[in-house]
Amino acid sequence: MGDALDFDLIAIGGGFAGLCAALRGAELGLRTAVLEAGADDGYLCSSRWAGGIFHVSYHDVKLGREELIAAIDRQTDGEVDHELAAAIAEDAGHAVDWLASQGAAFVRGSPIDWHRFTLAPPRAAIAGQDWRGRGPDRTIDRLRHRLEERQGRVFLGTRAKALRLFDRRVVGVEAAHGEEAMTLRAKAVVIADGGFPGNAELFRRHIGPRPDRVLMRHAGTAIGDGLKMAEAAGAALVNLDRFYGHLLSRDAMENEGLWPYPQIDAVATAAVVVNRDGRRILDEGLGGISIANDLAQLDDPLCGTVICDAPIWETAGKAAQIPPNPQLLAGGDTLYSAESLESLAEAARLPAPALVGTVAEYNAAIRDSRLDALSPKRSTRSGAPRPIATAPFFAIPICAGITNTMGGIAIDGHGRVKRPDGTTIPGLYAAGGTTGGLEGGGALGYVGGLIKACVFGLRVAEHAAYDKQRGKA
Ligand SMILES: Cc1cc2nc3c(=O)[nH]c(=O)nc-3n(C[C@H](O)[C@H](O)[C@H](O)COP(=O)(O)OP(=O)(O)OC[C@H]3O[C@@H](n4cnc5c(N)ncnc54)[C@H](O)[C@@H]3O)c2cc1C
């Protein structure tokens, strides 16, 4: 194929990050290509599965720079790469405008203010999968179509295997199209393969011992190829032990119809999570992402059961857009209820004296404002805890679901891949779920998978075009 496989920019991965990079590059006059491991036109990726809500740390993407930086700082307790936070805060509004200019349709997904930019049509408020033909799925197809209109190439069924290096500079990609090996030259390579939530070995090494007991709440296509390629090229990797995820009914481990929604996060953070011994094991007040991470680190990640009472079930249980109350019952998930904690323990096969003791101690700590004295302590980051005192009582066996890894390849504000000494690797960029530094600090602060993919997808293309113009690439 000769010159046909020589590009200015190659993106590894055809999710939002890779398509934004390749399309923006083509718009700026670069010869661009996407290598996508999926072989079909409707290839799976987490981007297609997204709820489609563009937000910045649960804030409207159109807020001003300073407000968005403050929102990210609050979410992350300031443990964030400030250059990356500034990039998101400066470009979030521009990114949704650019997507709209490429044919993406946005609607207000709900009355919640940060749902103002939701890709249309939004998913239905039902349990289980509902992504085909929804906004993110359509937008991925639309971006690919636009890219091909601009003469960008999309190589489906093509898995990037290794980066080509010359004199410490990345100069291309080795790939496989089925059995056929391919060599592609490029002035800039963008790793946009989504991260490593679907790689069991990397999960075990960095996150927890039992990936088989954690719900894979993603498309299964992000398997760590990019991380390994970047590491081999000398990249720094950050916060690999943290992930973005949610709590789901434990039945979702066996039943496809029960995930990615409803999530149990709001109920768990308003109540207590106990293990098989009826004891609290983590700080529920830190929120659903934190609880999911804590469970995933255990030898037995499926040990958790949420215990709540009627007022919590009627309020927090109904708080989400796709709420567990009544969706859990509609979906046939296990939900135990009883008029006393003793009977609840019996139904849920938990030791009654321990459970009654745990709840009594918890209620007393709330009453006496002594939450710090609990072990583990109970913080109030996600709201004030409420006593578990009014029948009927409920028990929901839960599991942790991993949506995407929060850490990954270290980048600078232009998406250039950094070495451990802070210098950048010429010719190598990364964008989207495969990158680290923005999310996954101490407070497990979440910024937003879609906005991260699109802002950095655009930024890497703009920097690659700038480099080309200066004759550097
Ligand atoms: C159920 C669900 C709901 C979500 N809802 C939201 C939401 O409402 N708002 C939000 O902000 N975020 C949401 N997210 C997160 C968001 O979808 C992701 O963070 C984002 O789409 C990641 O985009 P990406 O392009 O980096 O990766 P991906 O979409 O994972 O794309 C990576 C692509 O790379 C390909 N690939 C992998 N390895 C290779 C290789 N070696 N060679 C070639 N190709 C390769 C894969 O096949 C895939 O197509 C949600 C995620 C899920 C799963």
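I started with the domain contacts: 18 residues of domain 1 are in contact with 29 residues of domain 2 (contact here takes C-beta atoms, placed from the backbone, within 7 Å). This is a predicted model, where local features need pLDDT of at least 70, side-chain atom pairs count only at pLDDT 80 or more, and totals for chains, interfaces and linings use all residues. Numbering runs from 1 along each chain as its sequence is written.

On the domain 1 side that touches domain 2, I find eleven nonpolar, four polar and three charged residues. The classes: Ala, Val, Leu, Ile, Met, Phe, Trp, Tyr, Cys and Pro are nonpolar, Asp, Glu, Lys and Arg charged, and the others, Gly among them, polar.

I noted the bounds too, which come from an automatic or database domain assignment: domain 1 is 2–240 + 406–469, and domain 2 is 245–402. Their centres, taken over C-alpha atoms, are 33 Å apart.

Next, the ligand. I get 40 residues around it, and Gly13, Gly15, Gly194, Gly432 and Gly449 come nearest (to be near, a C-beta atom, placed from the backbone, must lie within 6 Å). By class, that shell has 17 nonpolar, 18 polar and five charged residues. Helix H14 gives the most to it, four residues. Helices (H or I, at least four residues) and strands (E, at least two) are DSSP runs, numbered from the N terminus.

Last, I checked alanine 100, in helix H4 (residues 82–101). Is it buried or exposed? Alanine 100 counts as exposed because it has 12 C-beta neighbours inside 10 Å (buried is 20 or more other C-beta atoms within 10 Å, exposed 12 or fewer, partly exposed in between, with C-beta atoms placed from the backbone).

Conventions. Contact = placed C-beta atoms within 7 Å.
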